Amino acid sequence: MIDSDIKDILSDFKRLRDIPHFISFEGIEGSGKTTQAKILTSALKKIGLPAILVKDPGTTKLGEKIRKILKSNIEISPTAELFLFLSARRQLVEEVIKPALRKGKIVISDRFSHSTLAYQGRGRMLFPETLPMLCYLSTGGVEPEIVIVIDVKPEVGISRLKERYRQDESKKDRFEREGEDFLRRVREYYLEISKTQENVFIVDGENEPNEVFKMVLLKIYNFSKEKYGLIK
Ligand code: TMP
């Protein structure tokens, strides 16, 4: 159910000259970012905007295969893992994101390069000096115009995962099995960049999903108003 506040904000979107054409969602496990990315895509479509949803890693044939490997329990060294993420992203950029942006579509990505900096950089503590360059190779310079971080405390994320895997804990992937310390480092990275990068916004993900969505819309609306202005 879309409540009336959300309807009002969405109708204000029609007064904007433009909105960002590449929006990414970030957050730790159990933050609810996938739900938010989905709701945003369908809400934008409902008001007539050509939004598409992509998942990193995923969406392309190669990306889905890599995602399966990463989600499986086969042994993967941290560096090999990094290169799998980078490969999946490069394919996503070439095959889906660039063509969509060229056609004027609005791309909403469930995770993107900031995940590598957060998980492999901070979580796994890999290559602090060269990681940004490696990320650049994976994106070819195609970066989100705005990044929305759905923020929850690690203990909240972990307890949501416990609920999700109540029947069978063995279904957890390699990241979902990481402990609180790992997630704390990942979260800290997101919180830090929100203070230094003007296009990175934190939304409290511990609220109820409709409330979270309202905040997501407001962040995008205010950012767009500031950057593109309103139709006179
Ligand atoms: P998710 O898309 O279902 O959240 O799962 C993807 C997992 O992969 C998640 O735990 C975060 C992790 N990840 C990285 O470690 N590095 C990356 O670059 C990306 C995109 C995801």
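**The ligand pocket**

Start with α5: it supplies 4 residues to the lining of the largest pocket, the largest share. Keep in mind that this is a predicted model.

Now the rest of that lining. At least two residues each come from α2 (33–46), α3, α4, α5 and α7 (154–164). In total, 30 residues line the largest pocket. Nearest its centre are Glu29, Lys33, Arg67, Lys71 and Arg111. By class, the lining has 13 charged, 9 nonpolar and 8 polar residues. The space in this pocket comes to about 590 Å³.

What takes up the space of the largest pocket? The ligand does. Two or more residues of the shell around the ligand come from each of α3 (61–71), α4 (78–102) and α5 (113–123). Here α5 again gives the most, with 4 residues.

The ligand is surrounded by 15 residues. Glu29, Arg67, Arg111, Thr116 and Gln120 are the closest.

Take Glu29: a polar atom of its side chain is 2.9 Å from an oxygen atom of the ligand. For Arg89, a polar side-chain atom lies 3.0 Å from a ligand oxygen. For Lys55, the distance from a side-chain N or O atom to an oxygen atom of the ligand is 3.4 Å.

How much of the ligand's accessible area does the protein cover? On its own, the ligand has 470 Å² of accessible area, and the protein covers 93% of that.

Terms used:
Residues numbered from 1 in each chain as written. Predicted model: local features only at pLDDT ≥ 70, side-chain atom pairs only at ≥ 80, totals over all residues. Heavy atoms only, no water. Near = heavy atom within 4 Å. Polar contact = N/O pair within 3.5 Å; in protein donor to acceptor, adjacent residues only side chain to side chain. Areas by Shrake-Rupley, 256 points an atom, 1.4 Å probe, with all protein chains shown as cover. 1 Å grid on protein atoms, 1.4 Å probe; cavity = no way out; pocket = protein on both sides within 12 Å on 5 of 7 lines; lining within 4 Å. Sits in = over half its atoms within 2 Å of the grid points. Points joined across faces, edges and corners; volume = space filled by probe spheres on them. Nonpolar A, V, L, I, M, F, W, Y, C, P; charged D, E, K, R; others polar.
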